[in-house]
Amino acid sequence: MADDELQAIRAQRMAAMRQQQQQNHGDPNQAAQKQEDERKQQEDMKNSILSQVLNQPARARLNTIRIAKPEKAAMVENLLVNMARRGQIGGQLGENELKGLLEQVSEQTKQETTVKFDRRRAALDDD
């Protein structure tokens with residue numbers, strides 16, 4: 001069922017891309033409007049896939065993360081969409097599975113922070 005829906009979404013996307021290529025000689029305002037429509041369509045497709053892949057508590061957790069760290073949420077969403085398109089997700093993911101994905105993304109994007117103190121002893125001496 002989910003594979004058929006993904007195939008339908010892919011077919012719609014390909015048709016939209018072909019139509020855009022054929023109508024590339026349009027008005028700049030129309031081009032901007034088409035880009036906006038295309039962006040909205042992609043966003044709707046992504047939300048549709050995410051709603052199929054995540055259960056309600058996991059979806060709520062992802063939305064909470066989006067508020068605090070939008071770039072991390074975008075990375076996880078893209079990861080989930082790509083996994084769904086490749087058929088790597090069987091059924092809906094729960095909150096615990098989402099936590100595991102978040103930990104993986106955190107490990108990949110982990111940044112080492114170091115603090116270096118530059119003490120100027122000559123200025124602090126009371127000689």
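Glutamate 77 and arginine 66 form a salt bridge in which the closest N and O atoms are 1.8 Å apart. Glutamate 77 lies in helix H4 and arginine 66 in helix H3, so the pair ties together parts that are 11 residues apart in sequence. The model is a predicted one, and its chain has six helices and zero strands.

**The chain as a whole**

- From the N terminus on, the elements run α-α-α-α-α-α, and of the 127 residues of the chain, 24% count as buried.

**Salt bridges**

- The structure holds six salt bridges, among them the pair of glutamate 77 and arginine 66.
- Glutamate 77 counts as buried, at 3% relative accessibility, whereas arginine 66, at 32%, counts as partly exposed.
- Through salt bridges that share partners, Glu43, Lys46, Arg66 and Glu77 are joined into one network.
- Glutamate 95 and arginine 61 also meet through their side chains in a salt bridge, at 2.7 Å from N to O; glutamate 95 lies in helix H5 and arginine 61 in helix H3, so this pair ties together parts that are 34 residues apart in sequence.
- Both members of that pair are partly exposed, glutamate 95 at 29% relative accessibility and arginine 61 at 28%.
- Within helix H2, glutamate 36 forms a salt bridge with arginine 39, the closest N and O atoms being 2.7 Å apart, and because the two are three residues apart in this helix, they are separated by about one helical turn.
- Glutamate 36 is partly exposed at 31% relative accessibility, and arginine 39 is partly exposed with a relative accessible area of 44%.

**Helix H4**

- The 16 residues of H4 should span 22 Å at 1.5 Å a residue, and the end C-alpha atoms are 22 Å apart, in agreement with that expectation.
- Its buried residues are Lys72, Ala73, Val76, Glu77, Leu80, Val81, Met83 and Ala84; they cover an arc of only 170° around the axis, which puts them on the same side of H4.
- Glycine 87 follows H4 and has a positive phi, near 75°.

**Helix H5**

- Leu98, Leu101, Leu102 and Val105 are buried in H5, and they fall within an arc of 100° when seen down the axis, so they line one face of the helix.
- On the other side of H5, Asn96, Glu103 and Glu107 are exposed, while the cover over the buried residues includes helix H3 (56-68) and helix H4 (70-85).

**Nonpolar core**

- The largest nonpolar core has 22 residues, and Leu54, Leu80 and Leu98 are those with the most contacts inside it.
- Helix H1 (2-22), helix H2 (28-53), H3, H4 and H5 each supply at least two residues of this core, and H4 provides the largest share, six residues.
- Leaving aside residues up to four places away in sequence, leucine 98 touches Leu54, Ala58, Arg61, Leu62, Val76 and Leu80.

- Glutamate 38 lies in helix H2 and is buried, with a relative accessible area of 18%, which is under the 20% cut-off.
- Residues up to four places away in sequence again not counted, glutamate 38 touches Arg13 and Gln20.

Definitions and conventions: Residues are numbered from 1 along each chain as its sequence is written. This is a predicted model: local features need pLDDT of at least 70, side-chain atom pairs count only at pLDDT 80 or more; totals for chains, interfaces and linings use all residues. Side-chain values use heavy atoms; hydrogens and water are left out. Buried means under 20% relative accessible area, exposed over 50%, partly exposed in between (1.4 Å probe, protein chains only). Helices (H or I, at least four residues) and strands (E, at least two) are DSSP runs, numbered from the N terminus. The arc is that of the directions from the helix axis to the C-beta atoms. Contact means heavy atoms within 4.5 Å. The expected span of a helix is 1.5 Å times one less than its number of residues. A nonpolar core is a set of buried Ala, Val, Leu, Ile, Met, Phe, Trp, Tyr and Cys residues joined through side-chain atoms within 4.5 Å. A salt bridge is a side-chain nitrogen of Lys or Arg within 4 Å of a carboxyl oxygen of Asp or Glu.
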